Each structure stands twice: as structure tokens, then as C-alpha cells.
Amino acid sequence: MVAAAFSCLDTAKARAGAWPIEPDRTQLIAKYERTTADRGYDPEGAVVDIAPRRDETLSVFVEHGLTPRLTLQGKAGATRGHDRWAAYSGRGPVEAGIRWTVRRDPRSALALYLGAGEAGVGRNAGYAAPGRGSLDLEARVLYGRSGVWRGRQVFVDLQAARLKRQGLANETRIDATLGLRPAKAWLLLAQTYAGQADRADVDARWIKSEISVVRAFGDWSVQGGWRDTVSGRETARDRGVVLAVWRRL
């Protein structure tokens with residue numbers, strides 16, 4: 001999935017993926033994700049035993065401000081993993097696109113993203129075998145709003161996306177994030193990633209929950225969190241750790 005970038009490095013504001021990066025500024029996020037699963041969701045949504053599997057990804061996400069309204073973004077990395085039938089190691093998905101800020105005011109932002117992605121050697125969909133998939137085309141709407149709650153800075157980020165996928169079923173995705181800054185250098189994130197595949201013979205659905213903490217050190221930040229698939233159909237109940245280092249240039 002395409003991850004939203006959260007700019008906790010500007011400690012004066014809480015910002016989410018809908019907000020543009022300032023012209024000639026860049027944000028880098030290097031992220032390590034490791035998930036395992038020995039249970040999954042059947043076609044009725046019940047939890048059942050499955051063959052154990054493990055997936056690991058090391059990726060770099062980049063955002064660069066082109067103009068006050070245009071932000072270029074991309075992602076690349078490496079991946080490895082295995083299950084009962086296959087093992088893989090090599091290039092992960094490569095993604096690139098551009099985000100246009102439709103409207104912005106002091107507290108909110110509305111943006112549109114158009115991008116493309118090339119599948120990697122690993123698991124390009126949670127319900128599919130490693131290596132399945134080819135070219136993805138994505139259109140995404142992003143809305144973010146920030147404010148103050150009980151004297152603390154908060155923001156919400158809502159995103160809806162449509163993916164046209166070669167070699168895999170087309171997908172609809174809904175992502176939501178709630179951010180809270182309990183102190184100047186700390187940011188708490190509660191995120192939900194939901195999606196559904198279109199194809200009738202693969203009625204895959206999933207809802208993933210992620211809780212993480214981000215600590216800023218000037219232009220650097222570190223993030224640690226935990227992700228879990230809390231609901232689904234025809235998909236693994238994968239869960240695991242998320243670690244990241246952020247850099248603002």
C-alpha cells in the first residue's frame with residue numbers, strides 16, 4: 001500500500017499526507033516492516049489456521065516540494081520472506097507519483113494524488129502468492145485537518161484510493177490516521193488501513209490497525225509501532241513491528 005507521510009519534524013504544527021511539502025524541501029522516511037502470520041480469515045471472516053509465513057520489507061519513501069501546490073513522491077526498497085510453498089528475496093515495489101493540493105487553509109488541506117507502481121518479487125497483495133502482479137495505476141483523494149484538543153495539537157488524515165492492477169484484482173482502499181502530540185517532540189499515531197479486492201472469485205477484504213510513537217530530534221525523527229490485521233476475508237492475519245527513521249532536508 002502507498003503510505004502517507006506525516007511531518008512531525010515541524011514541531012510547531014501537526015501535518016499529515018494531505019499537506020504539501022514546501023518548495024525545494026525534501027522529506028525521507030526509511031522504514032523496516034516485519035510481519036508474520038499463522039492464522040488467517042476465511043471467506044466468511046472467521047479466523048482459521050494457515051501455513052506459517054513471514055514477510056520483511058526495507059523501504060525508502062521520498063517527498064519533494066516542487067511548487068506550493070505540487071509535491072513529488074516516490075518509494076522503493078527491498079523485500080524478503082517465505083511461506084510453505086515459496087521463498088523470495090529481492091526488489092520490492094517501486095512507486096512514483098505527484099500530489100496536487102486542491103485547497104489549503106490554516107487548518108486543513110485537500111489534495112489529489114496520481115501515481116504508478118511496478119510490483120516487486122515479494123507479496124504485492126496480502127491475499128496473493130509472492131511475485132503476483134505487475135503495473136499498478138492509482139488515483140487517491142486526501143483530506144487533512146489539524147486543531148487543538150485539551151491544549152494538545154491533533155490532526156486527522158483521511159484518504160480514499162482506487163487502484164487498477166495488472167495481474168491482480170483491482171482494489172478500493174480507505175486509510176485513516178489520528179495524530180496527537182502530547183509534548184513538543186512526541187507524536188502518537190493511530191492508523192487504519194482498509195481495502196477490498198474487486199474480483200468475485202477473490203473476495204479479499206482487510207482492515208489493518210497500526211499504533212506508533214514518533215520522537216523528533218531536530219530534523220531527525222525515529223518511529224516505532226505495531227501493526228495487526230484486525231478483520232478480513234480471504235487474507236492472512238499478519239502482524240508485526242514497524243520501525244522508521246525520518247529526515248527533513
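1. Basis. This is a predicted model, in which local features need pLDDT of at least 70, side-chain atom pairs count only at pLDDT 80 or more, and totals for chains, interfaces and linings use all residues. Residues are numbered from 1 along each chain as its sequence is written, and side-chain values use heavy atoms, with hydrogens and water left out.

2. Secondary structure. The protein chain has 14 strands and zero helices; here strands (E, at least two residues) and helices (H or I, at least four) are DSSP runs, numbered from the N terminus. The pattern along the sequence is accordingly written with β elements: β-β-β-β-β-β-β-β-β-β-β-β-β-β.

3. Overall dimensions. The radius of gyration of the protein chain is 18 Å, which agrees with the value near 18 Å for a compact globule of 249 residues. That radius is taken over C-alpha atoms, and the globule rule is 2.2 Å times the number of residues to the power 0.38. The C-alpha trace spans about 50 × 30 × 30 Å along its principal axes.

4. Of the 249 residues, 44% are buried (under 20% relative accessible area; exposed is over 50%, partly exposed in between; 1.4 Å probe, protein chains only). Contact means heavy atoms within 4.5 Å. Of the contacts between residues at least 6 apart in sequence, 55% join residues at least 24 apart.

5. Asp-175. This residue lies in strand 9 (residues 171–183). Asp-175 counts as buried because its relative accessible area is 7%. Its side chain is joined to that of Arg-140 by a polar contact of 2.9 Å. A polar contact is a pair of N or O atoms within 3.5 Å; within protein, one must be able to donate a hydrogen and the other to accept it, and residues adjacent in sequence count only if both atoms are side-chain atoms.

6. Asp-136. Strand 7 (residues 135–149) holds Asp-136, which is buried at 13% relative accessibility. The side chains of Asp-136 and Arg-165 make a polar contact of 3.0 Å. Beyond residues up to four places away in sequence, Asp-136 touches Gly-115, Ala-116, Gly-117, Lys-164, Arg-165 and Gln-166.

7. Leu-249. This residue is in the segment after strand 14 (239–248) and is partly exposed, at 45% relative accessibility. Leu-249 and Arg-25 are 224 residues apart in sequence, yet their C-alpha atoms are 5.9 Å apart. With neighbours within four places in sequence left aside, Leu-249 is in contact with Arg-25, Thr-26 and Leu-28.
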